[in-house]
Amino acid sequence: MTNHWRDIKNADVILINGANPAEAHPVGFRWFMRAKLDPARGPGSGGGAKIIHADPRFSRTSANADQYLRIRPGTDVAYFGGLINYVLQNKLFHDAYVKNYTNASWIVKQGYDFTDGLFSGYNAQTRSYDVSTWNYETEGDPLPGPAGTTQAKAKRDMTLQDPRSVFQLLKKHYSRYTADVVSSITGIPILEFESVARTVGEMGKPDKVMTIVYAVGLTHHTTGVQLIRSAALLQLLLGNMGRPGGGMNAERGHANIQGNTDHAISWEILPGYLKIPAPGQKDLDDYVAVSAPKKSDPHSWNFFGTNYRNFMVSLLKTWYGDKATKDNEFAFHYVPKPATNSSWISIYDQALRGKMEGVILSGMTATSIGPDSNQVLQALSNLKWLVVMDAFPTTSSEFWRAPGMDASKIQTEVFMLPCTHWIEKDGSFVNSGRWSQWKEQVIPPQGDARHDHWILADLYSRVKKLYQQQSGKFPDPIMALTLDYKDPLKPTADEIAQEINGKDLATGKQMTSFALLKADGTTTAGDWIYTGSYTPDGNLMKRRNGIQDPAKNDPTGMGFYAGWAWSWPLNRRVLYNRASADLDGKPWDPKRPGIQWNGTTWTGDVPDYPPTMNPKDPAAWLPFIMTGEGTGRLFSKDLLDGPIPEHYEPIESPVDNVLHPKQATDPVAFLYDQAAGRPNRFGTVADYPYVATTYRLTEHEHYVTQNVPLLVGLQPQAFVELPEELAGEKGIKNGDRVRVFSKRGKLEVSALVTKRFGPMTIAGKKVYTIGIPIHWGFIGIAAERDPDLSKYWVANALTPFVGDANSRTPEFKAFLVNVERIG
Amino acid sequence: MAALQERPVGFFTDTSICIGCKACEVACKEWNQLEGNAPHFTADSFDNTGQLDAQNWRHVQFIEKIPDNKGTIGTPIAGGQAWLMMSDVCKHCQQASCLEVCPTNAIVRTEFDTVFIQQDVCNGCRDCIAACPYGVIGFNEKTGTVHKCTMCYDRLQNGLQPACAKACPTESIKFGYLDDLHAAADTRLATLQKQGFAQAQLYGRDTSAYGGLNAFFLLMDKPETFGLPNAANATLPSRNNVPGYLGGAVTAVLGLLAGVLAFRSSRMSGEQR
């Protein structure tokens, strides 16, 4: 989230897409309700914030929304594109914000183009883009870059009239997204869409603000990154980024999935979103030159780019200690430089090809979590060994029991290492709003369970011993790793938290800010965005100065509660908050200030800006200090599938793409089977006429709740939700057993027949959506009550083995199936 | 929380902001150590609990009222009316049928004006189960006694609010002194009515249902939708039902007359035969 949970109470309009907060985040949903019940909020004359929910199914969130729009899965770019078009055509955007705080005025390079569904530079053979034209025209003298380099200065047109300006290109791009077109793609009736557009259009006024809330309903598509970007573009045009009550707010899945991401759970990043080095990068100069954002305007601070080296060197010093020296480039050569994509699906793709010896699964179950679970099961069967670290047996630790598996033919050796559940350890949770909150251990570890980090520490020490005894190809990175803990076999969460924060090696004192990190090897930071969380004053994540005394703990009344836990970065509660104030430093809406300039300093939230930089100083930095442009980006040159979001159909779709029938799907979406020389297994509408989408329910947390008896009682078995009209056509009655099947696999579950799912009319054609709650498997309390009944309960048996071009996120939320009654 | 005063307390369950998360059901079971019944898939929307009974002292009803074949469900059908969720509970009636019929005086009214079953006095006769108009009470085979919501009497005695209210994320279940709750409910109802929700209504706020309910509700539909007796039916025979008695007497007289007439007509037809 750019903002945080409590901040949602500040919104006038809450636009929810691809999310179901009432079910997935019931506790956070209280802030939606507070906004709704607050008579000072809302568009027009007030009377409570308006909640608008666009979703394929009428969920518990829709039940509490003011307006519900049934939208076809995977078409949110068309929805947001339509809203962008409405805002641009009717001049409802926040003019001063767009001119000064976005890259609307940047002039795009000659050669950039978009025709028939393709951006310039497409290569059909490699299914990839040459992105060199997705950039800016340059002019004048180059700007100084990092030591000894220069950077080109971008050309701008502050009138926004140049046909090659980002603004005009954007306007042209979205002019195709008329209400008619939006309706024919999304299935939302024109009148309903127009009524939402009117409400949203009001939110470009400086005294109004809208928040956009999303979750994996936008992420889990081959167009996931662009789906999210299309919403962010709308927020930039309305001037809602950086403001209390505004922003782009991703609800994160688990209690700590935000912390996971921050600490590099994803293959392409190092802790703190530093890029993973690539082959060919011989030293830090090479690495920083390729990885750090570059400044394209003299008024851009480019804080991230400027400090990139400081952050990286401090990380290397944390990892390799004394072995990281100026002379050896701080051991940059120890860091792996993967030559190929190593994202989630890629791991199992490699295993399928027999290129993977073993896999360690920690806190997740591959069989249930990934797309195309039957193929994942084959991948697991190809391994020599599989280690599962979990609190409970999972569909992976017992994958040989899956339907269709012949255990006698599987050679994979499986090791189950019982691990502590989070209630059995202390540590921190980082919530969706980036608050790192320290928690205590509730009960001691049960049975043989050990902490995950103790297992890893033990494993490391044994590997190190083997290298010591037997040597090996490249032992240095293993031998050099520092584990500066009292007991290196049993590091405490407290020690790790201190290490993540980092210290000044000269004084031994904890660092207080990442702005003080250095590239000369005198500072450490295990994750620079957390620097400041554990200072000489102690563990700030433990702070609990909350609603006991709102007057003292929340003096602005905006809900920042600076003394509650700690929020990255630097305890800032709203990111990009310089954009909450106008050019002179006055809040756009005095009733909802983020930060403001009082003549000598910025007050309010922790400023996302130099604290004493006078906004009226001609040399003042632009507001978005982390981007090279210094502004929010309506046009992005850093993505693989296009600088401006475009609607593409899901890989399996029931209809043509009305915008460009010849290029229906994302041209660079990653088709794993095809890339590996295996046949694609995509269903067509003739055999699989219904759209399916997967989701979780309130009663469930991933898969662990399969082991909680009271929650199993609340949702006792697997089911699918069928539209009443479709069930009628198929002779399926409520509660009947049904078989749902795709080109890849099948489910055999009960049917819940409901009007909450209904037919949609898409370009004149009737389209049904089937809802598939994902939770159950062949393991767990409910499954073990009746193993025959629960054989085919893994929802991901149905989903396709494809990924988004940028993130390689699978397409869980839109694919084709068929359904029939059993017996 | 400071110690509670010995004043009437209750629940105000505002169904217009219930999100059907069932946290109340789980918190209740956790605090009161209820196992719950054996898991059973009912295919009744998202309700697999079924009813209030000895194992379920909070029960969230899910009532789907989605209009047919609409591509969209716009105002005012969304906004708490198309999929009704209502966390049901013992009403702690002012005129409590269970308390009236209990032969052992196991069911008492507490210092907080709530209705409480004393487990050590209950003899398991189950008269209260038959008497309760809301189907709240259930029999536990293991203990041989009847059970229902205690409004977390043990928590109240220690100055804590009931577990369900504590767990409710949207404050749909509010616990407090009854007069405060009445005021909050009146304000909320007025707001909803101003917003055009004409069918929003309070249930049990006044004395029309069993003399008033300490656990009362804001409903977004008529009481019958939730299986609740409406004002005309929610009366206790022993005290309030003069018209009922009169009606009964009239029926009896009419019945007698009808019998006599029937007997006569049958005798006459016999004579004719």
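Predicted model: local features only at pLDDT ≥ 70, side-chain atom pairs only at ≥ 80, totals over all residues.
Chain A itself is divided into domain 1 (5–247), domain 2 (344–470) and domain 3 (661–821). The C-alpha centres of domain 2 and domain 3 of chain A are separated by 25 Å. Between these two domains of chain A, 22 residues of domain 2 are in contact with 22 residues of domain 3. Two or more residues each are given to the domain 2 side of this contact by helix 13 (344–352), helix 14 (366–369) and helix 15 (373–381) of chain A. Helix 13 of chain A gives the most, with 4 residues. The domain 2 side that touches domain 3 of chain A divides into 7 nonpolar, 10 polar and 5 charged residues.

Elsewhere in chain A, helix 18 (residues 493–501) contains a run of buried positions, namely Ala497(A), Gln498(A), Glu499(A), Ile500(A) and Asn501(A). The buried residues of helix 18 of chain A pack against one helix, helix 12 (303–320), and against strand 17 (427–430), strand 19 (534–535) and strand 20 (538–539) of chain A. Just after helix 18 of chain A, Gly502(A) adopts a positive phi of about 95°.

In chain B, an open sheet is formed by 4 strands in the order 9-1-11-10, with mixed pairing. Strand 9 (173–177) and strand 10 (201–203) of chain B each have a single partner strand and stand at the edges, so one side of each is left without a neighbour in the sheet. From one strand to the next, the twist averages 20°. Strands of a sheet pair through backbone hydrogen bonds, in either a parallel or an antiparallel arrangement. The pairing of strand 1 (residues 9–14) with strand 9 of chain B is antiparallel and extends over 5 bridges. Within chain B, Gly10(B) stands opposite Gly176(B) of strand 9.

Definitions and conventions: Residues numbered from 1 in each chain as written. Chains lettered and ligands numbered in written order. Pairing = 2+ DSSP bridges. Axes fitted to C-alpha atoms, helices over the stretch in contact; angles between N-to-C directions. Domains from an automatic or database assignment. Contact = placed C-beta atoms within 7 Å. Nonpolar A, V, L, I, M, F, W, Y, C, P; charged D, E, K, R; others polar. Buried ≥ 20, exposed ≤ 12 C-beta atoms within 10 Å, placed from the backbone.
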